[in-house]
Amino acid sequence: MPIEDLPEALQPKDMTEAYALQDHIAEAYGAIGGWKIGAPSAEAEPLFAPMPRAWMAGDGAVVGEVRRYRGLESEIAF
């Protein structure tokens, strides 16, 4: 069930809390399949987030009602 809005008392107060929460969620999902890295502008410090392997669909996968959001996104790996 999607969360419409996280109660203010549970919202991270700073990046340290946000990354700690992100680490906790990543640990719960197990193996990391890749990383999302980006910045809102060329001057901003890049942010990063693990992408759990459990959230990924491999080559030839049929993605149906199991996934709430569906779409294609190309990635550059190096």
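Start by selecting Ile-37. Leaving aside neighbours within four places in sequence, Ile-37 is in contact with Pro-46, Leu-47 and Phe-48. Contact here means heavy atoms within 4.5 Å. Ile-37 sits in strand 1, residues 32–38. Strands (E, at least two residues) and helices (H or I, at least four) are DSSP runs, numbered from the N terminus. Ile-37 is exposed, with a relative accessible area of 66%. Exposed means over 50% relative accessible area, buried under 20%, and partly exposed in between (1.4 Å probe, protein chains only).

**Before going on**

This is a predicted model: local features need pLDDT of at least 70, side-chain atom pairs count only at pLDDT 80 or more, and totals for chains, interfaces and linings use all residues. Residues are numbered from 1 along each chain as its sequence is written, and side-chain values use heavy atoms, with hydrogens and water left out.

Colour by pLDDT, the predictor's confidence in each residue, from 0 to 100. The protein averages 82, and 77% of the residues score at least 70. Among the elements, helix 1 has the highest mean pLDDT (91) and strand 1 the lowest (88). Where pLDDT is low, the predicted coordinates should not be read in detail.

**The whole chain**

Switch to a cartoon view. The protein has one helix and two strands. From the N terminus on, the order is α-β-β. Of the 78 residues, 8% count as buried. Among contacts between residues at least 6 apart in sequence, 24% join residues at least 24 apart.

Accessible areas come from the Shrake-Rupley method with a 1.4 Å probe; for residues, only the protein chains shown count as cover.

**The aromatic rings**

Next, how many aromatic pairs does the structure hold? There are two. Rings of Phe, Tyr and Trp (its six-membered ring) pair if their centres lie within 6.5 Å; planes under 30 degrees apart count as stacked, over 60 as edge-to-face and the rest as tilted.

Select Tyr-19 and Phe-48. This pair is stacked, at 4.5 Å centre to centre and 15 degrees between the planes. Tyr-19 lies in helix 1 and Phe-48 in strand 2 (residues 47–52), so the pair ties together parts that are 29 residues apart in sequence.

Trp-35 is partly exposed at 48% relative accessible area. Phe-48 is partly exposed too, at 39%. Show Tyr-19, Trp-35 and Phe-48 together: ring pairs link them into a cluster.

Stay on Tyr-19. Not counting residues up to four places away in sequence, Tyr-19 touches Pro-46, Leu-47 and Phe-48. The C-alpha atoms of Tyr-19 and Leu-47, 28 residues apart along the chain, are separated by 9.7 Å.

**Last stop: a surface patch**

Select Leu-21, Ile-25, Tyr-29 and Trp-55. They form a nonpolar patch on the surface, with about 400 Å² of accessible area together. Patches are made of residues with over 30% relative accessible area and no salt bridge: like charges are joined within 9 Å, nonpolar side chains (Val, Leu, Ile, Met, Phe, Trp, Tyr) within 5 Å. A salt bridge is a side-chain nitrogen of Lys or Arg within 4 Å of a carboxyl oxygen of Asp or Glu. End on Tyr-29, found in helix 1 (residues 15–29). At 43% relative accessibility, Tyr-29 counts as partly exposed.
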